[in-house]
Amino acid sequence: VFPVSDKIKGPQGVIKVPYRILMGPGPSNAHPRILAAQTLPLLGHLHPPFLALMDEIKAGLQYAFQTESKYTLLISGTGHAGMELCLANMLEPGQKVIIGNNGIWGERCADMAKRYEANVIELKCPPGQSFTFEEVKKAVEEHKPALLFLCQGESSTGVQQSLAGMGELCHQNGALLLVDTVCSLGAVPFFGDAWGVDICYSGSQKALSASPGTTPFFMSQKAHDRLTSRKTGVHSYNYDLNLLGKYWGWYEGRFYHHTGIVSLWYGMREALAIVYETGLETMWKRHRELYDQLWEGLRDLGLEPFAENPADQLPSVNTIKVPEGIDWLGLNNYVMGKYNLEIAGGLGPSAGKVWRIGIMGFNATAANIALVIAAFKDGLQSQGFHGAKKTAS
Ligand code: GLV
């Protein structure tokens, strides 16, 4: 036994956190009802009332993803965990995967798939654009991959990928369709079953208005068949769907795989109840109307979208070109200091080129959009920008 070191200091006093209006690409502010749920007393991760909550979460996920698949669950971890889980379970070494790479999520997906020793074929298009159906069709028919990855909402470039016809295309060519909906689910239409999506993950802290740390997930019967017919075991214990499914009640009985993130799962139960009570169509409409409000205001200020084609623009994460001569970080810091408002910079291929504004869930209100526009006006004027061209201050 040694004396406890007095050189190593821990935190002291009650935690203090400033209030910020999070209008970047996420996390967005959590709904107070969700935060309140997270303060409820803990339950054991296998206690019957907790298992009943897990069943409610599964039903809520089915609604949010518009799937009847029983293979739904919450992954413990953020969207990156969701991406990794899908690849770990759907790919075996040497199998081909086509990865739609038009931003950071395609890049990361390719990185992860290589770690699982897949044969990675990257399909690229310029950042700020989405893939046409014809481009994807050509690649799928040529390579006949086991898996196709597309990101519905590429948050680094503010691009929305159309999924129309992609499921059918995959199935006709022996592939499964993997979709990232981290920053799109709840904000824009998504129809898991009708679009033939086989495996999909989302984000808790974006349009679903919950805390970061859990990842909505579902897979189709076809994806489940792929899982159970693997020749090699899943190389990850934490992300092995065979085991996770036993915890989430996909089969008879329950199995202790890991300790569910009890409080965050309460929060997600509440988030999914809010989604169901509000209705997906109402949510999609609200996000679309606020996107129109945002761009009307930004265009009046002389600002332009990075994703030039309106059909490519993602309502939930908006990318705004930084005008020449403007210090984008200076503006972000200015509005944070004055309005407690988060405006984010670019990421990956858009770093240094854009600002990013999220319109997501609880934060998707006309008042917040008006504040963002006013803050941009003020921040730009403080740098001498009064319209399409910078003038001396
Ligand atoms: C995270 O999702 C980001 O786009 O910054």
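Pro 27 sits in the loop between strand E1 (21-22) and helix H1 (32-37); helices (H or I, at least four residues) and strands (E, at least two) are DSSP runs, numbered from the N terminus. A cis peptide bond, with omega at about 0 degrees, links Gly 26 to Pro 27. Look for Ser 209 in the loop between strand E9 (199-202) and strand E10 (214-219). Most residues other than glycine have a negative phi, and most peptide bonds are trans.

A word on what you're looking at: this is a predicted model, where local features need pLDDT of at least 70 and side-chain atom pairs count only at pLDDT 80 or more, while totals for chains, interfaces and linings use all residues. Residues are numbered from 1 along each chain as its sequence is written, and side-chain values use heavy atoms, with hydrogens and water left out.

Now for the ligand. Around it you'll find Pro 25, Trp 105, Ser 155, Lys 206, Leu 347 and Arg 356 (a residue is near if one of its heavy atoms lies within 4 Å). On its own the ligand has 190 Å² of accessible area, and the protein covers 79% of that (Shrake-Rupley method, 1.4 Å probe).

Next, the pockets. A pocket here is an open set of points on a 1 Å grid over the protein atoms alone, where a 1.4 Å probe fits, with protein on both sides within 12 Å along at least five of seven lines; lining residues have an atom within 4 Å of a point. The second largest pocket has a volume of about 250 Å³, volume being the space filled by probe spheres set on the points. Of its 19 lining residues, His 80, Trp 105, Val 182, Gln 205 and Lys 206 lie nearest the centre. Helix H3 (residues 79-90) gives the largest share of that lining, three residues. Because domain 1 (21-25 + 280-382) and domain 2 (32-277) both contribute lining residues, the second largest pocket lies between them; the domain bounds come from an automatic or database assignment.

As for the largest pocket, it holds about 310 Å³ of space. It has 14 lining residues, with Val 17, Tyr 19, Leu 22, Asn 29 and Leu 35 nearest its centre.
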